[in-house]
Amino acid sequence: MPRTQDVALSVKNLKTYFYTNNRCNKAVNGVSFEIRKGKTLCIVGESGCGKSVTASTIMQLLPALSRIEQGQVTYHSDSGDVHIEKLQRDGKEMRAIRGSEIAMIFQDPMTALNPVYTIGFQIGESLKYHTDLSTKEIREKTIDLLRGMGISLPEMRVDDYPHSYSGGMRQRAMIAMAMSCNPKILIADEPTTALDVTIQSQIFELMDKLKAENETAIMLITHDMGVVAELADDVAVMYMGNIVEAGTVDQVLRHPVHPYTRALLKSIPVLGRGRNQDIQPIAGSTPDPYDRPIGCQFAPRCKHRIEACDVMPQEVTFNGTQRVMCWRYKEFLPDAG
Amino acid sequence: MLTYVIRRILLLIPMLLTISFLVYTALELTPGDAVSALINPELASRLTEAQFYELRESYGLNKSFITRYGIWLGNVMQGNFGHSLAGGVPISTIFLDRLPATLELSLVALFFSTVLGCILGTYSALKRGSITDSSLTVIGMVGVSIPEFFFGLVALLIFALNLGWLPVGGRLLPGYETIWDRIPHIVMPAMVLSLMMTAGVMRYARSSMLDALTRDFITTARSKGLPEWRINLLHGFRVALTPVVVLIGFRLPVLIGGSVIIEQVFQWPGLGNEFIGAVRGSDYPLVMMIALFSVFTVLMASLIIDVLTALIDPRVRLS
Ligand SMILES: Nc1ncnc2c1ncn2[C@@H]1O[C@H](COP(=O)(O)OP(=O)(O)OP(=O)(O)O)[C@@H](O)[C@H]1O
Ligand SMILES: [Mg+2]
């Protein structure tokens with residue numbers, strides 16, 4: 001367990017439910033994790049497992065028909081703990097945290113910027129609301145930020161509209177916007193899925209550099225195990241609203257315990273391991289989110305299913321920091337043979 | 001941007017030519033001929049046969065159809081629109097006389113409906129699902145489906161005849177010319193005329209705003225910690241505005257058509273009123289010129305709207 005003063009944000013038993021058409025979708029159903037200061041936590045998992053909802057919950061950016069049902073999201077700020085789940089969604093305290101203490105970048109930089117305002121205006125907005133800088137200072141800072149993100153001729157590009165930026169440049173601008181107020185935590189929800197591979201690695205390098213320079217904690221949502229291996233300090237694997245396994249990157253990638261983590265790792269090609277990898281897609285598909293299994297969510301697709309799996313497994317911590325939710329985890333431990 | 005405007009203006013020319021040609025053909029088909037309508041009838045009646053022939057010759061009346069069209073077009077472009085059959089007044093004089101009233105009425109109505117429609121539509125979208133929203137939606141539906149003259153008559157009955165708050169009609173009483181004397185006269189016709197348009201703009205602004213609010217950049221704006229008013233107005237409404245302006249452009253002909261009826265209902269001394277009179281009196285030259293003029297206005301308005309749209313949308317402005 002990391003000491004509390006090393007933790008930037010802790011989430012405990014968080015449940016976020018959606019209510020659509022009188023049906024309840026338990027999108028996030030009891031997740032707990034911590035984001036350590038200056039470290040990167042990667043959240044991985046198949047589409048629809050609740051990664052984005054977890055991120056939106058932390059920022060209180062949930063759509064109107066969803067709400068935090070239970071649990072705590074605690075932001076450990078320099079001036080004491082803030083219980084985000086207790087704040088009003090768009091109230092003053094929440095707004096003071098958004099963009100300033102916790103910032104977010106999104107999946108699609110093509111749609112995440114407002115087409116009718118210049119890049120400079122949109123970055124400046126953050127500074128305007130979270131700092132006391134004058135208009136002139138805001139402009140200078142914006143230009144500096146763009147330069148820092150590797151945008152050439154920032155003095156000119158600052159007055160350009162998003163449509164004249166390429167996808168990669170827009171994401172850089174988004175990062176500039178997110179980093180403008182030196183947030184303690186940066187949440188990146190699949191920030192490179194919409195970009196091509198060469199740009200991807202540049203963006204990640206940039207994020208890594210920023211993390212090192214500013215001590216920003218990063219929560220990175222991704223599908224790409226290669227990225228996880230490269231950037232992550234901690235990893236959490238989500239499946240159907242639960243974190244089924246979590247730990248340091250070494251623990252989870254090298255010694256995965258949960259059958260889902262192991263299946264997931266086998267189902268994804270790893271960059272650099274050549275063409276003849278033994279790739280096995282996970283059998284079956286994710287269940288209907290409105291009609292979830294009662295017990296272990298992965299049970300219907302699991303090769304190791306037993307009767308006990310019809311009951312939701314308890315979370316177990318072992319090796320200090322590795323956590324798993326599986327009745328049979330002991331049999332899968334690396335030293336279990 | 002400048003090339004865009006120039007290209008847009010060049011596009012107007014073939015349209016105007018086609019329409020003026022149609023109007024000219026129609027004029028040729030009506031009793032008398034178009035060019036003789038250019039001559040003051042008072043004068044014509046005093047001419048001898050030979051003088052009249054000479055005059056016809058000088059106007060090119062004995063030339064081919066296309067040449068005559070050319071001559072007529074030249075005259076129209078110099079402001080000689082011909083003469084009304086009733087009283088032989090030059091049509092340009094009628095225009096100068098009546099146009100200010102029509103412009104005043106339609107601009108006030110346009111202003112009302114744009115501002116009111118945008119405010120109500122945006123409000124409705126922001127309070128989506130509330131009672132206010134549902135009532136506005138119902139009112140909007142009624143607004144676009146009931147004809148304006150009906151509203152006009154009801155308004156007259158209530159506010160002018162029963163309550164006596166507002167004058168029954170007309171634009172100005174002789175001798176009362178300050179703006180305070182004018183306002184009571186224009187309130188009712190402008191309101192009634194703008195009703196349908198307001199309802200249309202409101203409905204459109206609502207859906208455009210709802211659409212804008214679901215866009216990703218709204219979440220981005222919220223994630224920056226901006227206050228709600230800024231997210232809704234600066235980010236949402238600003239983006240929702242572009243399609244609304246386009247719609248207003250599309251609806252302008254409706255406003256112009258509506259003003260014909262409303263001017264009649266409220267005895268507003270504008271071109272629309274004149275138009276009805278001209279139709280009743282089979283004053284074809286006048287009817288045709290007013291028609292030509294309204295087409296011209298609609299085209300110019302659509303040009304202005306296009307330029308405006310370009311101005312508020314950087315993607316168009318810069319390409
Ligand atoms: N705006 C929404 N309205 C209704 N349901 C939603 C909404 N957003 C997410 N959900 C539901 O919440 C669940 C989790 O979705 P979430 O977007 O968090 O998945 P994800 O892990 O981010 O997937 P992906 O990798 O595709 O982004 C899904 O069942 C989804 O249908
Ligand atoms: Mg997602």
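## A buried arginine in chain A

A:Arg301 is buried, with a relative accessible area of 11%; buried means under 20% relative accessible area, with a 1.4 Å probe and protein chains only. The residue is placed in the loop between helix 11 (259-267) and strand 11 (316-318) of chain A. Helices (H or I, at least four residues) and strands (E, at least two) are DSSP runs, numbered from the N terminus.

## Basis of the model

This is a predicted model, in which local features need pLDDT of at least 70 and side-chain atom pairs count only at pLDDT 80 or more, while totals for chains, interfaces and linings use all residues. Residues are numbered from 1 along each chain as its sequence is written, chains are lettered from A and ligands numbered from 1 in the order in which they are written, and side-chain values use heavy atoms, with hydrogens and water left out.

## The surroundings of ligand 1

Ligand 1 is surrounded by 15 residues, each with a heavy atom within 4 Å of the ligand. The closest are A:Ser47, A:Gly48, A:Lys51, A:Ser52 and A:Val53. The shell divides into six nonpolar, six polar and three charged residues; Ala, Val, Leu, Ile, Met, Phe, Trp, Tyr, Cys and Pro count as nonpolar, Asp, Glu, Lys and Arg as charged, and the others, Gly among them, as polar. Helix 1 of chain A gives the largest share, three residues.

An N or O atom in the side chain of A:Lys51 is 2.8 Å from an oxygen atom of ligand 1. For A:Val53, a polar backbone atom is 2.9 Å from an oxygen atom of the ligand. A polar side-chain atom of A:Asn25 lies 3.1 Å from a ligand oxygen atom.

## Chain B

Chain B has 14 helices and zero strands. Of its 319 residues, 42% count as buried. One aromatic cluster is formed by B:Phe21, B:Tyr24, B:Tyr69 and B:Trp72; rings of Phe, Tyr and Trp (its six-membered ring) pair if their centres lie within 6.5 Å.

Technical notes. Polar contact = N/O pair within 3.5 Å; in protein donor to acceptor, adjacent residues only side chain to side chain. Phe/Tyr/Trp six-rings, centres within 6.5 Å; stacked < 30°, edge-to-face > 60°. Buried < 20%, exposed > 50% of the residue type's maximum accessible area, 1.4 Å probe, protein only.
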